[in-house]
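Me: I would like to go through a structure by question and answer. Please show it first.

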Amino acid sequence: MDTVGDIEIFLVTFPGAEALLCAEAREKGFIDPTPIKGGVTVRGGWPEVWRANLELRGASRVLARVAAFRAFHLAQLDKRARRVVWSEFLRPDVPVRVEAACKGSRIYHAGAATQRIEKAIGEELGAPISAEAEVVVKARIDDDLCTISIDTSGESLHKRNHKEAVHKAPMRETLASLFLRQCGYDGTGPVVDPMCGSGTFVIEAAEIAAGLKPGRSRRFAFEQLAGFDEAAWSRMRGAGDGGGGEAGGEAGGDGDIKPAVRFHGSDRDAGAIAMSRTNAALAGVGGVTEFRQHAVTDLVAPSGPPGLVIVNPPYGNRIGDKKQLYSLYAALGQTLTSCFVGWRIGLVTSEATLARATGLPFGEPAVSVSHGGMRVSLYLAGALT
Ligand SMILES: C[S@@+](CC[C@H](N)C(=O)[O-])C[C@H]1O[C@@H](n2cnc3c(N)ncnc32)[C@H](O)[C@@H]1O
């Protein structure tokens with residue numbers, strides 16, 4: 001694997017969230033971040049691929065674009081796929097699988113394209129082809145141009161490997177971090193989620209404040225690629241973690257000095273609270289988070305300066321019925337209006353009428369994204385008066 005050369009790196013995200021991920025990539029020093037449909041491109045060598053997987057909170061996966069060629073028919077695809085120098089990035093002893101997609105091209109049969117590319121890899125490199133392989137080669141044939149990428153992430157990046165349990169309708173960590181970014185959350189100030197489910201917003205916010213890298217505890221598909229430099233990766237993974245924020249090294253809660261709790265979750269469901277506590281402890285932010293079981297109507301603002309309330313109440317057809325939902329949103333709005341003067345509010349929901357039912361001063365959605373076949377929007381209100 002060439003560790004200095006320049007490759008195109010594609011950061012996949014939720015449609016609608018491209019600009020937010022682009023801002024994160026720019027902030028974290030990636031070169032030439034450019035939003036395109038469904039993601040952001042950046043440039044760099046393989047160490048930048050590793051760093052993108054390790055550090056970016058909003059990316060769902062990281063693809064390395066390794067080859068591109070025209071293919072007008074299957075025999076040409078077969079021939080040109082054999083010319084790709086697969087040994088530069090794949091290992092002959094590591095199983096691989098191919099996923100192909102065709103759009104607006106003379107080659108229209110994705111299954112046949114997959115089979116040709118798998119055969120080329122199998123015969124030219126000798127790597128075993130397996131449906132269960134962790135290493136995935138993605139071929140996209142668009143307008144007769146075949147682009148070959150390696151999925152360097154493996155499991156989707158929202159899996160930080162800190163969540164033992166999830167409550168119903170959990171928010172993905174990646175999306176939660178992008179919504180926090182859109183709320184202007186920069187790691188300072190307290191955060192409250194009064195319907196926290198498995199604790200995603202609270203834990204993400206605490207991790208951001210603590211300067212923890214989102215990929216610090218998981219493995220990645222790139223560890224299985226040719227030329228992977230284990231020692232360089234260990235150095236990158238170990239560098240500077242936990243030192244970036246106020247919660248700092250004490251975030252695990254075992255240090256002598258306990259940092260002030262600034263991240264608060266509550267939910268009426270006892271199971272959700274138990275999960276949130278477990279998940280926060282696994283993420284190393286148990287010492288700066290607090291979870292309590294109560295209904296939203298019993299919510300009071302934590303003492304200290306105001307900050308951000310971010311909440312993702314039940315919505316759509318997934319949970320509960322409409323009439324109950326309107327009264328739930330109204331109750332949330334009343335509690336926030338009376339107890340959270342000075343706090344900013346971010347509300348994630350699927351319908352504008354539900355956001356309006358809160359009576360909070362929301363304008364048009366700040367951002368709308370496709371998530372699990374549904375359009376969800378973030379509504380923002382500035383400091384409540
Ligand atoms: C869509 S889920 C939130 C998911 C959460 N963001 C996560 O990532 O896991 C909505 C949550 O609201 C909680 N909830 C519903 N009605 C409530 C109420 N009246 N008071 C407090 N929590 C409530 C549910 O128990 C559920 O956990």
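Me: In which strand is D32 found?
Reply: This is a predicted model, in which local features need pLDDT of at least 70 and side-chain atom pairs pLDDT 80 or more, while totals for chains, interfaces and linings use all residues. Residues are numbered from 1 along each chain as its sequence is written, and side-chain values use heavy atoms, with hydrogens and water left out. D32 is not a glycine, yet has a positive phi of about 60 degrees. Strands are DSSP runs of E with at least two residues, helices are runs of H or I with at least four, and both are numbered from the N terminus; D32 is found in strand β2 (residues 31-36).

Me: Is N161 buried or exposed?
Reply: N161 is found in the loop between β7 and α5 (173-182). N161 is not a glycine, but its phi is positive, about 75 degrees. Buried means under 20% relative accessible area, exposed over 50%, and partly exposed in between, with a 1.4 Å probe and protein chains only. The relative accessible area of N161 is 56%, so N161 is exposed.

Me: Which residue is the bridge partner of A101 in β6?
Reply: Strands β5 (residues 96-103) and β6 (residues 135-142) run parallel and are joined by 8 bridges. Two strands pair if DSSP finds at least two bridges between them. In β6, A101 is partnered by R140.

Me: What is the handedness of the β-α-β crossover from β5 to β6?
Reply: A crossover is right-handed if, with the strands pointing away from the viewer, the path from the first strand over the helix to the second runs clockwise. Here the chain passes from β5 through helix α4 (residues 110-124) to β6, and the crossover is left-handed.

Me: Which residue in the hairpin of β6 and β7 takes a positive phi?
Reply: β6 pairs with strand β7 (residues 145-151) in the antiparallel sense over 7 bridges. I141 stands opposite C146 in β7. The hairpin has 2 residues between the strands, and the positive phi, near 55 degrees, belongs to D143.

Me: How many Å separate D142 and K103, C-alpha to C-alpha?
Reply: D142 lies in strand β6. Its relative accessibility is 27%, so D142 counts as partly exposed. D142 and K103 are 39 residues apart in sequence, and their C-alpha distance is 4.9 Å.

Me: With which side chain does the side chain of E48 make a polar contact?
Reply: E48 lies in helix α2 (residues 46-55). E48 counts as buried because its relative accessibility is 17%. A polar contact is a pair of N or O atoms within 3.5 Å; within protein, one must be able to donate a hydrogen and the other to accept it, and residues adjacent in sequence count only if both atoms are side-chain atoms. At 2.9 Å, the partner of the E48 side chain is the side chain of R51.

Me: What share of the ligand's area does the protein bury?
Reply: A backbone N or O atom of M171 lies 2.9 Å from a ligand oxygen atom, and one of V296 lies 2.9 Å from a ligand nitrogen atom. A polar side-chain atom of N312 is 3.0 Å from a nitrogen atom of the ligand. Taken alone, the ligand exposes 610 Å² (Shrake-Rupley method, 1.4 Å probe). Of that area, the protein buries 96%.
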